[in-house]
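Subject: Structure for your review

Hello,

Here is the structure I said I would pass on. My notes on helix packing and aromatic pairs follow it.

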Amino acid sequence: MEPQKSIIREFLTTGWIVALLGAGIMLVRLLTDDKKTSIFFQVKRVVVSACGTSFAWYIFEQTDINSFYKAITYGVVGLTTPEIVNGVVKLGKKFERSPEDFIKK
């Protein structure tokens, strides 16, 4: 990315495709899953995957890495972002209940 280009302009030209990639990967994962889940749960996971993939795009757009590795990273991020977010939320809730026990460990 050239320094004179705005990151927002760059996202509007190429980055939104990466967000769709993350959302699409999560959608395929949810469609192939045998568990019964609500529509709200599925939409929430797709949106979280799109946001996580967009964040990964923001980080990797500023680096000089081969596009193949970037594409693989975007796919993995799209698949794993909901689980990572759930893990962070669970850690936050445990910390909220008893911060002293959390810090001592």
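The crossing of H1 and H3 is right-handed. Please keep in mind that this is a predicted model. Helix H1 covers residues 7-32, and its axis lies 8 Å from that of H3, at an angle of about 60°.

On the H1 side, the contact is made by Val18, Leu21, Gly22, Ile25, Met26 and Arg29. H3 contributes Tyr74, Gly75, Gly78, Leu79, Pro82 and Glu83. Sorted by class, the residues in this contact of H1 with H3 are seven nonpolar, three polar and two charged. The glycines named above, Gly22, Gly75 and Gly78, fall in the polar class, because Gly is counted there.

H1 also packs against H2, with the axes 7 Å apart and an angle of about 140°. H1 and H2 are therefore oblique to each other as well; roughly antiparallel would need an angle over 145 degrees. This crossing, of H1 and H2, is right-handed. In the contact of H1 with H2 there are 12 nonpolar, seven polar and four charged residues.

Now the aromatic residues. How many aromatic pairs does the model contain? The count comes to two.

One is Phe60 with Tyr74, an edge-to-face pair with 6.4 Å between the ring centres and 70° between the planes. Phe60 belongs to helix H2 (residues 39-61) and Tyr74 to helix H3 (residues 67-97), so this pair ties together parts that are 14 residues apart in sequence. Are its two members buried or exposed? Phe60 has a relative accessibility of 21% and so counts as partly exposed; the limit for buried is under 20%. Tyr74, with a relative accessible area of 6%, is buried. Tyr74 is also one of the H3 residues in the contact with H1.

The other pair is Phe68 with Tyr69, also edge-to-face, at 5.9 Å centre to centre and 65° between the planes. Here Phe68 and Tyr69 are both exposed.

Regards

Key:
Residues numbered from 1 in each chain as written. Predicted model: local features only at pLDDT ≥ 70, side-chain atom pairs only at ≥ 80, totals over all residues. Heavy atoms only, no water. Phe/Tyr/Trp six-rings, centres within 6.5 Å; stacked < 30°, edge-to-face > 60°. Helix = DSSP H or I, 4+ residues; strand = E, 2+ residues; numbered from the N terminus. Buried < 20%, exposed > 50% of the residue type's maximum accessible area, 1.4 Å probe, protein only. Axes fitted to C-alpha atoms, helices over the stretch in contact; angles between N-to-C directions. Left-handed = near helix turned anticlockwise from the far one by under 90°. Contact = heavy atoms within 4.5 Å. Parallel < 35°, antiparallel > 145°, perpendicular 65-115°, else oblique.
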